[in-house]
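I opened the model to look up a few helices and the residues in them. My entries follow in the order I made them.

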Amino acid sequence: MSTVISSILSSLDELDARIPAIRDGDREAIHDGRVATRRLRAALPLVGSETDTDESRALTTTVKTLGRALGKARDKDEALALLEKIECRSPVTAPATASLRARLFPQQLRQRRRLIKTVESLDLNVLTQLRRALQHDGGRRHRAWNASMQSRLASTVNESAAMVRQKVHHASGVYFPNRAHRARIAIKKLRYGAELIEPGVSGRKSALRALKRAQQSLGSVHDREML
């Protein structure tokens with residue numbers, strides 16, 4: 001089974017397992033669910049031409065809608081976690097962080113409620129339907145798809161790499177928050193695309209490590225900027 005199909009199936013399993021805890025507002029489940037939707041959004045277009053149906057388009061919309069709702073809920077979690085780190089490193093900030101925390105808690109709750117309403121409004125059965133479709137025929141269809149998927153993956157990764165170079169160059173030098181954020185988004189897309197490359201390909205592991213570090217660094221900057 002190709003890395004692309006394996007990634008889709010594992011992400012579907014991860015998302016399905018996290019939905020109950022997401023509905024309970026669990027912070028880690030929201031994070032894991034968000035990552036699963038990102039990986040699905042990176043992989044699904046690679047099988048799009050073979051599964052271009054009303055069902056597949058509904059699935060793409062569902063994953064995108066859920067991912068956005070998870071992201072908005074996660075942003076408030078990150079802001080509160082950052083406040084906690086600031087307060088631990090500099091106790092003198094306690095009055096200021098307490099004031100800001102009091103503002104953020106209602107916003108966090110509001111995003112949790114919106115997330116739960118989004119989950120309840122979506123037809124998550126499309127996730128199960130996709131899993132069954134990809135598991136059909138014992139993988140024979142997967143092997144037939146593999147060559148075309150690998151070709152599209154190579155094209156996608158090359159385009160993403162070019163976009164990363166452009167965005168990083170544009171963001172370098174004097175700090176512009178929006179430029180740095182766009183560079184982070186481009187790096188994130190390239191990372192999730194590169195994860196779909198077959199594990200034995202030379203340079204894959206080191207590239208993923210570098211992309212993850214860059215994404216984390218820019219993510220830390222962005223979290224502080226938002227706070």
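In which helix does Arg 34 lie? I found Arg 34 in helix H2, residues 27-43. Helices here are DSSP runs of H or I with at least four residues, numbered from the N terminus.

I noted what I was working with. This is a predicted model, in which local features need pLDDT of at least 70, side-chain atom pairs count only at pLDDT 80 or more, and totals for chains, interfaces and linings use all residues. Residues are numbered from 1 along each chain as its sequence is written, and side-chain values use heavy atoms, with hydrogens and water left out.

Is Arg 34 buried or exposed? I read a relative accessible area of 16% for Arg 34, so it is buried. The cut-offs are under 20% for buried, over 50% for exposed and in between for partly exposed, with a 1.4 Å probe and protein chains only. I then listed the contacts of Arg 34 (heavy atoms within 4.5 Å). Not counting residues up to four places away in sequence, Arg 34 touches Leu 70, Gly 71, Arg 74 and Asp 75.

Arg 27 also lies in helix H2. Arg 27 is partly exposed because its relative accessible area is 35%. Leaving aside neighbours within four places in sequence, Arg 27 is in contact with Arg 74, Asp 77, Ala 81 and Arg 112. I also looked up Glu 78, which is 51 residues from Arg 27 along the chain; their C-alpha atoms are separated by 9.7 Å.

**Entry: lengths of H2 and H4**

I checked H2 at 1.5 Å a residue: its 17 residues should span 24 Å, and its end C-alpha atoms are 25 Å apart, which agrees. The expected span is 1.5 Å times one less than the number of residues. Helix H4 (residues 94-121) has 28 residues and should span 40 Å; its end C-alpha atoms are 40 Å apart, which agrees.

**Entry: the core and Leu 115**

I looked up the largest nonpolar core, which has 45 residues. Such a core is a set of buried Ala, Val, Leu, Ile, Met, Phe, Trp, Tyr and Cys residues joined through side-chain atoms within 4.5 Å. Val 4, Ile 8, Ile 22, Leu 66 and Leu 115 touch the most other members. The largest share of this core, eight residues, comes from H1.

Leu 115 is among the buried residues of H4. Which residues does Leu 115 touch, not counting those up to four places away in sequence? I listed Ile 22, Ile 30, Leu 66, Ala 69, Leu 70 and Ala 73. Of these, Ile 30 is one of the buried residues in H2.

Definitions and conventions
Helices (H or I, at least four residues) and strands (E, at least two) are DSSP runs, numbered from the N terminus.
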